[in-house]
Amino acid sequence: MIGDLTSAPQPVYIELFNPNEDLLKTWAFKVADAIGNIQVDGRHPVVDIDNGIDSTTSGPAIVYQVNAAKAAHAGFTPQDVATEAGAMLDGVTAAQPVVVNDRPYDLRIRFPQSYRSSLSSMNSALLISPTGQLATLGTLASMTKLPGQIEILQDHQLRYVAVTARLEGLDLGHGIAAVKQALANIHLPSSIRVEYGGLYQTQQRSFRDLMMVLFLAVIFVFLVLLFEFKSFSAPIAILASAGLSTAGVLLALFITGTTFNLSSFMGLIMVIGIVAKNGILILDADGKFRAAGFSPREAIVQAGRRRLRPIVMTALAAALGFLPLALAIGAGSQMLQPLAIGVIGGILIAIVLSLLVTPVLYYYLSRNTA
């Protein structure tokens with residue numbers, strides 16, 4: 001959806017690298033046909049296919065080669081003929097601008113439409129030489145037709161052709177997997193190197209960045225908990241529940257048929273912080289009960305009872321706050337819907353984990369040190 005709004009690269013962006021233009025042209029058409037024939041559940045999800053050749057071809061072109069001998073005999077120089085031909089097609093700028101209301105405007109002068117409507121009209125156009133002689137363009141120059149030229153695309157000075165397409169009714173992960181399988185079936189030559197760019201490349205880079213964010217979040221939460229409780233038991237118990245809470249995120253996405261994407265990944269990271277907060281509430285109360293003289297078992301049970309209401313209330317409040325986004329209510333909410341669904345699933349399962357897994361695990365880890 002963001003790609004549609006910002007003109008981002010296509011979801012399917014296949015780069016074929018090879019210095020041979022003819023080889024790239026041949027296999028670009030074959031790759032486009034191969035991905036166009038992909039079928040999933042009886043339909044073709046790969047649409048708006050661009051083979052990278054038709055959209056980057058300019059032309060055809062026509063080249064006039066001036067015959068210097070004939071031009072000189074008629075009183076023209078090659079430059080005179082080129083100037084006349086340029087004036088016929090594109091026009092020439094007048095030597096003096098036109099002044100209107102004290103403002104100068106450049107004036108472009110060119111031949112009438114009848115002289116440039118067709119090649120025969122151009123070849124038959126009479127030209128007057130500086131000496132006053134008459135000649136036609138066709139008698140002064142030979143014409144050569146050139147086929148359309150493909151735009152040269154390079155990456156790190158390596159020539160490539162980009163075959164692009166969009167996906168309809170299929171997520172990016174399964175779509176790229178199907179595209180890779182289609183390319184494997186046509187057996188591309190080993191001399192052609194294939195790379196996948198576009199939104200898929202952006203997604204993979206973003207996933208790697210978010211994995212680093214998740215790793216750093218866990219490390220920093222662990223350090224904060226370690227300084228707070230001054231033991232390894234509390235961070236391990238809390239982070240174990242946080243790790244298990246990701247199952248709630250994935251389960252909610254599975255039930256609702258939502259893909260795991262960048263938005264839902266951010267929701268998963270948010271759940272880690274929410275579960276850590278619940279664990280801190282439980283273990284902080286446990287520490288107070290132990291300081292009051294309760295045994296480790298009694299302290300953890302009383303802590304669960306004391307913190308049950310605030311944990312449930314804050315979790316339900318957060319889940320209800322995300323509910324409008326999860327239901328895609330409001331303009332633009334579809335982009336954050338996976339995040340909301342993931343957070344709600346993680347929060348709901350975190351209630352159970354915070355009240356059962358965290359206390360039990362902390363009790364068994366810390367009872368010998370109490």
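Ser241 is buried, with a relative accessible area of 0%; buried means under 20% relative accessible area, exposed over 50% and partly exposed in between, computed with a 1.4 Å probe on protein chains only. The structure is a predicted model, in which local features need pLDDT of at least 70, side-chain atom pairs count only at pLDDT 80 or more, and totals for chains, interfaces and linings use all residues. Residues are numbered from 1 along each chain as its sequence is written, and side-chain values use heavy atoms, with hydrogens and water left out.

Ser241 belongs to helix 9, residues 233-256. Helices (H or I, at least four residues) and strands (E, at least two) are DSSP runs numbered from the N terminus. Leaving aside residues up to four places away in sequence, Ser241 touches Val275, Leu353, Val357 and Thr358, where contact means heavy atoms within 4.5 Å.

Val271 sits in helix 10. With a relative accessible area of 1%, Val271 is buried. Its contacts, again without residues up to four places away in sequence, are Ser245, Val249, Gly342, Val343 and Gly346. Between Val271 and Ala162 there are 109 residues in sequence and 39 Å in space, C-alpha to C-alpha.

Helix 10 (residues 262-291) also packs against helix 8 (residues 198-229): their axes come within 10 Å and cross at roughly 5°. The axes are lines fitted to C-alpha atoms, for helices over the stretch in contact, and angles run from 0 to 180 degrees between N-to-C directions. Helix 8 and helix 10 are therefore roughly parallel to each other; angles under 35 degrees count as roughly parallel, over 145 as roughly antiparallel, 65 to 115 as roughly perpendicular and the rest as oblique. Helix 8 contributes residues including Phe207, Leu210, Leu214 and Phe229 to this contact, and helix 10 contributes residues including Phe265, Ile269, Ile272 and Asp284. The contact residues divide into 17 nonpolar, two polar and one charged. Here Ala, Val, Leu, Ile, Met, Phe, Trp, Tyr, Cys and Pro count as nonpolar, Asp, Glu, Lys and Arg as charged, and the others, Gly among them, as polar.

One cavity of 30 Å³ or more is found in a search of the whole structure. A cavity is a set of points on a 1 Å grid over the protein atoms alone where a 1.4 Å probe fits but cannot get out, and lining residues have an atom within 4 Å of a point. The largest cavity has a volume of about 50 Å³, a volume being the space filled by probe spheres set on the points, which are joined across faces, edges and corners. Its lining consists of Glu21, Leu24, Lys25, Ile53, Ile150, Glu151, Leu153, Arg159, Tyr160 and Val161. Helix 2 and strand 14 (158-167) are the elements that give two or more residues to this lining. Six of the lining residues are nonpolar, none polar and four charged.

Pro19 is in the loop between strand 1 (12-17) and helix 2 (21-36). Pro19 is exposed, at 73% relative accessible area.

Backbone angles come last. Most residues other than glycine have a negative phi. Asp41, not a glycine, has a positive phi of about 55°. Asp41 lies in the loop between helix 2 and strand 2 (46-50) and is exposed, with a relative accessible area of 74%. Asp48 also has a positive phi, near 50°. Asp48 is part of strand 2 and counts as exposed at 55% relative accessibility.

Notes:
1 Å grid on protein atoms, 1.4 Å probe; cavity = no way out; pocket = protein on both sides within 12 Å on 5 of 7 lines; lining within 4 Å.
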